[in-house]
There are 2 protein chains.
Amino acid sequence: MSELVPRYKLWLESEAGLVMSDYRLRLLALIAETGSLAAAAAAMGLSYRRAWGKIKELEANLGFPLVHSEVGGAGGGHTTLTHQGRHLVEAYSRFRSRVEAAVTTAFAEELGSIASQHTPHT
Amino acid sequence: MSELVPRYKLWLESEAGLVMSDYRLRLLALIAETGSLAAAAAAMGLSYRRAWGKIKELEANLGFPLVHSEVGGAGGGHTTLTHQGRHLVEAYSRFRSRVEAAVTTAFAEELGSIASQHTPHT
């Protein structure tokens, strides 16, 4: 007996294009946690250049900076979220949690009986 | 000034794979409406064979039939949803509507102020 499960993908767009997604949220949260774009990129299996490109794309589509970088020093640079970046990350995280809760509840209430009767061919 | 808008994709999976998506829902709803797989496929710009394949894939992953076909006759065959197919389409439609309402409300409440301040580079 195989379970039915709900899946979803969530993101934000402006007319210019993508401005936030769950994947980008994770990248930004890792930057906030580690203070380092290199460490955040490595944790996601991305090259530094590719991670940087993803953030610059969001910033261009949003119209404001998400991260602030200080180059040099013993540790070799430091990246933090801007005030607006932090605000967007927090607001999107709350948005995402509420959608996730709604998906779980609506699935259980509308499709729970089908999900539990379900016995696929094997 | 460009608006921020929420986007999402929603689907159901079993261990076997995809069992329902918004796209498949539309195909099944068109079959229910028209009584014809050929007409439903044409309305979605799909070949008959491709539309048929999509439905057979869902049925295999679900373990029960979604459609019932009667071949021949003057009109050249007729396809209807099975009882289980109709039940799944109705339940998934309700699920989808609730998720859509939650996305709209959560977006307005959590990201509405950012969305209205938003002025991208042009």
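**The interface between chain A and chain B, with two local views**

The side chains of Arg94(A) and Glu110(B) meet at 2.7 Å, N to O, in a salt bridge, a term that denotes a side-chain nitrogen of Lys or Arg within 4 Å of a carboxyl oxygen of Asp or Glu. Between chain A and chain B the count is eight salt bridges. The model is a predicted one, in which local features need pLDDT of at least 70 and side-chain atom pairs count only at pLDDT 80 or more, whereas totals for chains, interfaces and linings use all residues. Residues are numbered from 1 along each chain as its sequence is written, chains are lettered from A and ligands numbered from 1 in the order in which they are written, and side-chain values use heavy atoms, with hydrogens and water left out.

Across the interface of the two chains, 13 residue pairs, both residues at pLDDT 80 or more, are in polar contact (a pair of N or O atoms within 3.5 Å; within protein, one must be able to donate a hydrogen and the other to accept it, and residues adjacent in sequence count only if both atoms are side-chain atoms). On the side of chain A that touches chain B, two or more residues come from each of strand S1 (5–14), helix H3 (48–62) and helix H4 (83–117) of chain A, helices being DSSP runs of H or I with at least four residues and strands runs of E with at least two, numbered from the N terminus. H4(A) gives the largest share of that side, 18 residues.

The contact (heavy atoms within 4.5 Å) takes 43 residues from chain A and 43 residues from chain B. The area buried between the chains is about 3600 Å², of which carbon and sulfur atoms give 63%; buried area is the accessible area (1.4 Å probe) that two parts lose on being put together, summed over both. Of the area that chain A buries against chain B, 17% is supplied by Arg7(A), Arg98(A) and Glu110(A), more than by any other three residues.

In chain A, Thr34(A) belongs to helix H1 (residues 22–34) and is partly exposed, with a relative accessible area of 37% (buried means under 20%, exposed over 50%, partly exposed in between, with a 1.4 Å probe and protein chains only). A polar atom of the Thr34(A) side chain lies 2.7 Å from the backbone oxygen of Leu30(A), and, neighbours within four places in sequence left aside, Thr34(A) is in contact with Ala39(A) and Ala40(A).

In chain B, the buried residues of H3(B) include Ala51(B), Ile55(B) and Leu58(B), and just after this helix Gly63(B) takes a positive phi of about 90 degrees.
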